[in-house]
Amino acid sequence: MMDSAALWASLPVPAFLIDAWDRIADVNAASEGFLNTSRKALTGQPVWDILAIDAPIEEAFARARVQGTPLFVNDIDVGSGSRAPLQCGVQIAPLQGQEGVMLLMVTPRELAGRMTQTHSAKSAAASAIGMAEMLAHEIKNPLAGITGAAQLLSMGLGPEDLELTDLIVSESRRIVKLLEQVEQFGNLTEPDFKPVNLHDVLDRARRSALLGFGAHMTITEGYDPSLPMAWGDADQLLQVILNLLRNASEAADPKGGTIHIRTFYEHSFRLRRSDGTGKLLPLQIEICDDGPGLPDKIKDDIFDPFVSGRENGTGLGLALVSKIVSEHNGWISVSSVPGRTVFRLSLSRVPRDRKPQES
């Protein structure tokens, strides 16, 4: 006979047992990871105080209990005080043999949607950057000639005409800078995989941001001190974090804002590939800001190259982030509403066949 405790612990989706008074009677391991809260802390808590569900579900839940029938709700946002909401499916059913006790399961939709988005972003990046790289060299050469010619002309011109030559030089340099970003995107080397202390990377990025583009921001941190070493390229991961901090800083009010960097371990987070194999990505980094949020028109394409929510933005920063994360076999997702935008990065830990002291 199958061990019911083992079955409960093995469920791959967050599952909750709710007693007759709508309190949490028990949770499985996936629920602890989903809410980043221990079973002990969750047990006995009112379920609707813990789960924030963006739908009028409480009355339907009560009817399902009275009628003894299951309830299925698709595509609703589910979150909590400790995490941003995710689009999920919710399944509710009475627990056989225990009157008034209900089983509630949450199935995040995030992975399926981001799988398609990541594949699309990668394909778009390959085609767009391939074409741009091919043209970059040919464009930069004549731009250098135009800039030099404008500077020579400026030597014999009056103040009114100097304004025009200065415009030619500044705009030419702006285009060169864009082309250099395109070349950087295409020339990114393969990650040099080594054990990485993510908190060291985050601290380096935080200090750099506060000394430069994020000087007007308040950057707070909530680190899990027990987080294991990640498996990746420290320099490339630093580039990812710097890009995310820069985006949050540039989107904030000029008077400032707050960015919160959080790390935690989610042992149930697994990326499933199309061939049925899976990869654990338990190391989580969240970068949350209180800015205006992403514009609705670009939310679904934010990781595509040349998509930007800022005037004069190149749209290469997040495409580069997506490329680096993809080459780390990791995962990046975003949820955004006005006042709260959260980028979540999921990475693998050092493989067991690698020695901890390897560097």
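Me: Why is N329 called partly exposed?

Reply: N329 has a relative accessible area of 38%. Buried means under 20%, exposed means over 50%, and partly exposed is what lies in between (1.4 Å probe, protein chains only). A value of 38% falls in that in-between band, so N329 is partly exposed. Before we go on: this is a predicted model, where local features need pLDDT of at least 70 and side-chain atom pairs count only at pLDDT 80 or more, while totals for chains, interfaces and linings use all residues. Residues are numbered from 1 along each chain as its sequence is written, and side-chain values use heavy atoms, with hydrogens and water left out.

Me: Where does N329 sit, and what is its phi?

Reply: N329 is in the loop between α10 (317–327) and β14. Helices and strands here are DSSP runs, numbered from the N terminus (H or I for helices, at least four residues; E for strands, at least two). Phi of N329 is near 55°, a positive value in a residue other than glycine. D22 also has a positive phi, about 60°, and is not a glycine either. D22 belongs to the loop between β1 (15–18) and β2 (24–27), and its relative accessible area of 22% makes it partly exposed.

Me: What makes W48 and F61 an aromatic pair, and of which kind?

Reply: Rings of Phe, Tyr and Trp (its six-membered ring) pair if their centres lie within 6.5 Å; planes under 30 degrees apart count as stacked, over 60 as edge-to-face and the rest as tilted. The centres of W48 and F61 are 5.3 Å apart with 90° between the planes, so they pair, and edge-to-face is the label. W48 lies in helix α4 (residues 47–50) and F61 in helix α5 (residues 58–67), so the pair ties together parts that are 13 residues apart in sequence. Both W48 and F61 are buried.

Me: What makes you say that the charge of R262 sits over a ring?

Reply: The rule asks for NZ of Lys or CZ of Arg within 6 Å of the ring centre and within 35 degrees of the ring normal. The charged end of R262 sits over the ring of F264, 4.0 Å from its centre, and 4.0 Å is within the 6 Å limit. R262 also stands opposite E286 in β13.

Me: Why do β10 and β13 count as paired?

Reply: Two strands pair if DSSP finds at least two bridges between them. Seven bridges join β10 (residues 258–265) to β13 (residues 283–289), so they qualify, and they run antiparallel. The open sheet has five strands, in the order β8-β10-β13-β15-β14, with mixed pairing.

Me: Why are β8 and β14 called edge strands?

Reply: Each pairs on one side only; β8 covers 218–222 and β14 covers 331–337. From one strand to the next, the twist averages 15°.

Me: Which helices lie against this sheet?

Reply: Helix α8 (residues 198–211) lies across β8, β10, β13 and β15 (340–347), at about 170° to β8. Helix α9 (residues 234–251) touches β10, β13, β14 and β15, and its direction makes about 20° with that of β13. Contact means heavy atoms within 4.5 Å. Axes are lines fitted to C-alpha atoms, for helices over the stretch in contact, and angles run from 0 to 180 degrees between N-to-C directions.
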